Amino acid sequence: MKLLSPGVPQWGSKISEGLDNLLDEPALAPRTDRGPGKSYVRSRKTRGGTSSLRDLALAKEQELWETKLAYRPKSFWYPYATLRNIAVLERLLAGAGLDLLDLCRGKYGRVADIGAADGDLAFFLEELGFSVDAVDNDYTNFNKLEGARILKNALSSLVTIRSIDLDSRSQPFPERYDAAFFLGVLYHLKNPFFILERLAHVTRYCFLSSRIARQAADGLPLSKHPLAYLLGPEECNNDSTNFWIFSDEGLKRLIHRTGWSILAFTTIGDTNNSMPADPNHDERAVCLLKSDAVFELSALPNPVPVSQKIGTTTIRWSTPDACPGKVYVSIDGKKESLFAAGRKGVATANWIEAGRTYEFRLYDSDRSRVLDKISVTTSIE
């Protein structure tokens, strides 16, 4: 979502627009030896369990270029290597003792690629076994999302493509996610506070990257202060949709104020003299965030092992604000009844019967909105 004419909004650029300069690896050369309609032959060598995510991502990048060029010329496609983000994220998480794929698995069974461009990252995550939403805006996307739709059909993909304007004031996220990839989008948003706050209510983890700066063009130091630099319309790449470049502390303050904890944080690029508008002094922050604002409801164990016809599960719930929640339970779809209440808590359901289905629902304090729900079933010991 870059390289549009000046004055056209384009909030969804990727950190990868700078990765070719910030990383040591050169961009892959697209191959042209495949015709339309030919499917991939996936090598066991490149898909083996011993390959790193970085290796798998590079192989997927090559495959996607083959498909892209079979349908449209190179100039049609988003020009930056979005899957190069995987190498950065893999290094970030390794340093924190975390695993990217484990973080993407959870109760919702879905991840989001926000600012998806042609959907390369979304299709890669799908190949790894995840259900994925590719979120972008038809109007601002590099090729009006036609590229993502071409690839979806060519790959017989089940990725859901959602056209959403993140600068609108409507509820931007219709789904809940175990993890969201939010790479290189933040500084293209008019109201980054609003979006980060909304995102914190619908996903547990967020992989975030954004451009930052340590000093202004006149040398004024920024890094020690929680600041945001508002760009002029032609100041950064002659792109009027570049809005906010945060200082290191400014980005961290924004993250904490919008309901997140930082689990891992690093910077790449010019980490000494970065400036908001100078492409030769480009620095990016890359971080893993955990939401402190998401509503949670869980049951353990689930399914419930049942002997003597009766089993037990433990229900945990929490609401992130000061308002208490209410947990109701419905058995086999019948009328629900109050099970527990409070801002957070733990309660035991020791009456789980074999063959029945129990749906626990977490409501807000006046029971006007379902915050979360979980279905509990049984298994025979």
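Q: Between which two strands is proline 301 found?
A: Start with how elements are named. Helices (H or I, at least four residues) and strands (E, at least two) are DSSP runs, numbered from the N terminus. Here, proline 301 is found in the loop between strand 10 (296–300) and strand 11 (304–306). The model is predicted: local features need pLDDT of at least 70, side-chain atom pairs count only at pLDDT 80 or more, and totals for chains, interfaces and linings use all residues. Residues are numbered from 1 along each chain as its sequence is written, and side-chain values use heavy atoms, leaving out hydrogens and water.

Q: What is the peptide bond from leucine 300 to proline 301 like?
A: Look at omega. The bond from leucine 300 to proline 301 is cis, with omega near 0°. Another cis peptide bond joins asparagine 302 and proline 303, where omega is about 5°. Proline 303 also lies in the loop between strand 10 and strand 11.

Q: What is phi of leucine 145?
A: Phi of leucine 145 is near 70°, a positive value in a residue other than glycine. Leucine 145 sits in the loop between strand 2 (132–136) and helix 6 (146–154). Aspartate 332 is another case: its phi is positive, about 55°, although it is not a glycine. Its loop runs between strand 13 (325–331) and strand 14 (337–342).

Q: Are leucine 145 and aspartate 332 buried or partly exposed?
A: Read the relative accessible area: buried means under 20%, exposed over 50%, and partly exposed in between (1.4 Å probe, protein chains only). Leucine 145 counts as buried because its relative accessibility is 1%. Aspartate 332 has 37%, so it counts as partly exposed.

Q: How do the axes of helix 2 and helix 6 cross?
A: Two packed helices are described by the angle between their axes and the distance between the axes. Axes are lines fitted to C-alpha atoms, for helices over the stretch in contact, and angles run from 0 to 180 degrees between N-to-C directions. The axes of helix 2 (residues 53–71) and helix 6 come within 10 Å and cross at roughly 105°. Angles under 35 degrees count as roughly parallel, over 145 as roughly antiparallel, 65 to 115 as roughly perpendicular and the rest as oblique. Helix 2 and helix 6 are therefore roughly perpendicular.

Q: Which residues make the contact between helix 2 and helix 6?
A: Contact means heavy atoms within 4.5 Å. Helix 2 brings Leu64, Thr67, Lys68 and Tyr71, and helix 6 brings Ile150, Leu151 and Ala154. These residues divide into five nonpolar, one polar and one charged. (Ala, Val, Leu, Ile, Met, Phe, Trp, Tyr, Cys and Pro count as nonpolar, Asp, Glu, Lys and Arg as charged, and the others, Gly among them, as polar.)

Q: How many salt bridges does a search of the whole structure find?
A: A salt bridge is a side-chain nitrogen of Lys or Arg within 4 Å of a carboxyl oxygen of Asp or Glu. The search finds 22. One of them joins aspartate 133 and arginine 162, with the closest N and O atoms 2.7 Å apart. That pair links distant parts of the chain: aspartate 133 is in strand 2 and arginine 162 in strand 3, 29 residues apart. Aspartate 133 counts as buried because its relative accessibility is 0%. Salt bridges that share partners join Arg110, Asp133, Arg162 and Glu175 into one network.
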